[in-house]
Amino acid sequence: MNRNFVLGQYVPGNSYLYRLDPRVKIISTILLMVSVFFLTTYYEILGALGVILLILLSGRISIIKAIRGLKPLLVLSLFVFFFQIFFNQTGTVIYTSELVFSISSIVSIIVLTFLFFFIRRFIKFKFILLLIYLASIYLSLAYLAYPNILYSYTLNIFDKGLETSLFVFFRLITVVFIATILTLTTKPTDLTLGIEYLLKPLKVFKINSEEIALIITIALRYIPTILEEAYRIMDAQASRGADFNSGSLFKKIKIIVSLLIPMFIISFERSDELADAMLSRNFVPGKEKTKYHILRWKAIDTMSLVLSFILLGGSICLFIIV
Amino acid sequence: MKIVFDNVKFKYEEGNREILKGISFTIGTGEWVSIIGHNGSGKSTLAKLLIGLLSPIEGAIYLDDIEVKEENLYDIRKHIGIVFQNPDNQFVSTSVEDDIAFGLENISTPRDEMIIKVNDAIKAVSMEDYRYEMPSNLSGGQKQRVAIAGILAINPDIYILDEATSMLDPKGREDFIKIVKTLKEAGKTIIMITHDMDEALLTDRCIVLKEGEIVRDGKTIDVLNDYDLLKSSRLEMPSALYLYHQLKKKNYGNKEVLNALWELALKK
Ligand SMILES: Nc1ncnc2c1ncn2[C@@H]1O[C@H](COP(=O)(O)OP(=O)(O)OP(=O)(O)O)[C@@H](O)[C@H]1O
Ligand SMILES: [Mg+2]
């Protein structure tokens, strides 16, 4: 199970990306994401990915940390990739392969699956293991035909199919990279402050952006705590014999319920105590107060914003011209 | 500011047991008081009543002449700072400095003043290196330090510390006691709720709670010297006093005690 999930993935540093006004960062993130959706071919997307990598490098962000941010979406993007390759059958065939199901290939797949799930529990690079697993399945299907062929399937990869799958794959990765730049370089405090300022116009609809920011802050604050607690309860139950990774569906549901009930009770208590603590420190909802953090607009903020608009403009131009 | 509890009774809505059964006491300005009692004796409940998070079903609580009730709460809370028992659930913000600033923001402290106060408070609890840290990366004791800093920054007249040192290391405790002593010198009223009898021994006055009733209220040294009272309240004596009594029981005079201690010291 992945225990390293942290929502605020902020990594301390001090390049210009860190010093930008959070408002600019939020707006630019949105602008860049929108620009990605104006791109229509995979080499344009590759270009965009290049631009994002340049931004990462210029901001002295470690690429490894950025790739780590992709982790939750890697499996999904892989799935999207293969789905496109298999089912998008337009254009000309560029690769054919005979996939055969025989006793030996099926046995091989079962053994590989067993090995995959077994090794997975001891290894760090799960994604690479997944790739090796998929490749070995492919090899067994392509070459193991002993003793006789039960069923065979011709896999045709089409040039358009490959293009679209690359396109979809890279687009997903680019978008996630853009979001990662924001979360890696912005402290949760600044992020909520930025959101608070940007939502100020909602006052017209009688929505108080300060309260929204407070709710986001508290959510960010308590997600790691509550996760930690879930793991603690899971450990406590595991030490008494509960097994979260195997067992029948019914058993699993039972275990999950036994996790949820204490979680709910503890969360109620927590929220009560938190409210008490806030009230005792003179918190009054909706009351005018002073601010510890203030935002200052700098020249570099204007420049970044202009650059983001230029990038958006560029991709819109590409979209219109092509 | 004077704190007055006048025959306060309290019951939680969910339970039908009376948690506080007619509590009366007066704590004058500048007093340093400890409240001790077994688990569930009602100490935290008493603290929550004082700050108006709960209201009594009978009796009344006053701060000077202002009654603690709904319409006066904002004024009253400006004068009281409280550190709760569980440091995890009183950390409001996503970083140490923001959490300390939270209370200051609420009472509209001007920003430049706020920055100075936050800095001083962080320094007072030796958390300079953790200024920008998220609470999930802090230990229990560190969160407790932040909670203490949060009220030091506000600098109220009355400090209520509900087991505020339970997770601190020896150095942290020592620093904390130093801070409390300077607060006392500055004329602040300090109420320490604690299970640490050695800590209680430092205070001037001690209130003993047992099953929602005050069983003793007096000079700390007298209260903590009363072995039978403490035993019947399911409490212990401070270790130093306990040692003294045990030695006395064995009819050791001062000279024998001294000799025995020397022997012990030499053996080591
Ligand atoms: N929110 C609540 N709802 C119902 N009963 C409560 C609630 N909080 C506390 N109690 C009950 O009130 C009694 C007194 O609790 P309180 O927290 O004041 O004790 P305490 O003296 O602070 O104990 P400890 O030393 O464990 O901190 C306990 O019996 C407890 O079960
Ligand atoms: Mg308590």
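Is Arg221(A) buried or exposed? In this predicted model, Arg221(A) is buried, because its relative accessible area is 2% and the limit for a buried residue is under 20%.

Side chains of opposite charge can pair when their charged atoms come close. Arg221(A) forms a salt bridge with Asp88(B), with 3.5 Å between the closest N and O atoms. This pair crosses between chains: Arg221(A) sits in helix H9 of chain A, residues 209–239, and Asp88(B) sits in the loop between S6 and H3 of chain B. Asp88(B) has a relative accessibility of 16%, so Asp88(B) counts as buried too.

Arg270(A) and Glu229(A) meet through their side chains, at 2.7 Å from N to O. Here the link is between distant parts of the chain, since Arg270(A) belongs to helix H10 (residues 249–280) of chain A and Glu229(A) to helix H9 of chain A, 41 residues apart. Both residues of this pair are buried. The residues described so far belong to a network of salt bridges that links Arg221(A), Glu229(A), Arg232(A), Arg270(A), Asp88(B) and Lys143(B).

Over all chains, a search of the whole structure finds 24 salt bridges. One of chain B joins Arg173(B) to Asp196(B), where the closest N and O atoms are 2.6 Å apart. Arg173(B) lies in helix H6 (residues 170–185) of chain B, and Asp196(B) lies in the loop between strand S8 (189–193) and helix H7 (197–200) of chain B; the two are 23 residues apart. Arg173(B) is partly exposed at 23% relative accessibility, and Asp196(B) is likewise partly exposed at 23%.

Chain B also holds a metal site. Which residues coordinate the magnesium ion (ligand 2)? They are Ser44(B), through OG, and Gln85(B), through OE1, at 1.9 to 2.3 Å. Ser44(B) is part of helix H1 (residues 43–50) of chain B, while Gln85(B) is in the loop between strand S6 (80–83) and helix H3 (96–106) of chain B, so the pair ties together parts that are 41 residues apart in sequence. Asp88(B), the partner of Arg221(A), is in the loop between S6 and H3 as well. Ser44(B) counts as partly exposed, at 22% relative accessibility. Gln85(B) also counts as partly exposed, at 35%.

Charge on the surface is the remaining topic. A patch of positive charge gathers Lys65(A), Arg68(A), Lys71(A), Arg120(A), Arg121(A), Lys124(A) and Lys126(A). Helix H4 of chain A, residues 63–87, supplies the largest share of this patch, 3 residues. One residue in helix H4 is Lys65(A), which is partly exposed with a relative accessible area of 36%.

A negative surface patch is formed by residues of chains A and B, namely Glu269(A), Asp272(A), Glu13(B) and Glu14(B). Glu14(B) is located in the loop between strand S1 (3–11) and strand S2 (18–27) of chain B. Its relative accessibility is 73%, so Glu14(B) counts as exposed, whereas Arg221(A) is buried at 2%.

Technical notes
Residues are numbered from 1 along each chain as its sequence is written. Chains are lettered from A and ligands numbered from 1 in the order in which they are written. This is a predicted model: local features need pLDDT of at least 70, side-chain atom pairs count only at pLDDT 80 or more; totals for chains, interfaces and linings use all residues. Side-chain values use heavy atoms; hydrogens and water are left out. Patches are made of residues with over 30% relative accessible area and no salt bridge: like charges are joined within 9 Å, nonpolar side chains (Val, Leu, Ile, Met, Phe, Trp, Tyr) within 5 Å. Accessible areas come from the Shrake-Rupley method with a 1.4 Å probe; for residues, only the protein chains shown count as cover. A salt bridge is a side-chain nitrogen of Lys or Arg within 4 Å of a carboxyl oxygen of Asp or Glu. Lys and Arg count as positive and Asp and Glu as negative; His and the chain ends are not counted. The place of a charge is taken as NZ of Lys, CZ of Arg, CG of Asp or CD of Glu. Helices (H or I, at least four residues) and strands (E, at least two) are DSSP runs, numbered from the N terminus. Buried means under 20% relative accessible area, exposed over 50%, partly exposed in between (1.4 Å probe, protein chains only). Donors are N, O and S atoms within 2.8 Å of the metal (3.2 Å for Na, K and Ca); water is not among the atoms, so sites may look incomplete.
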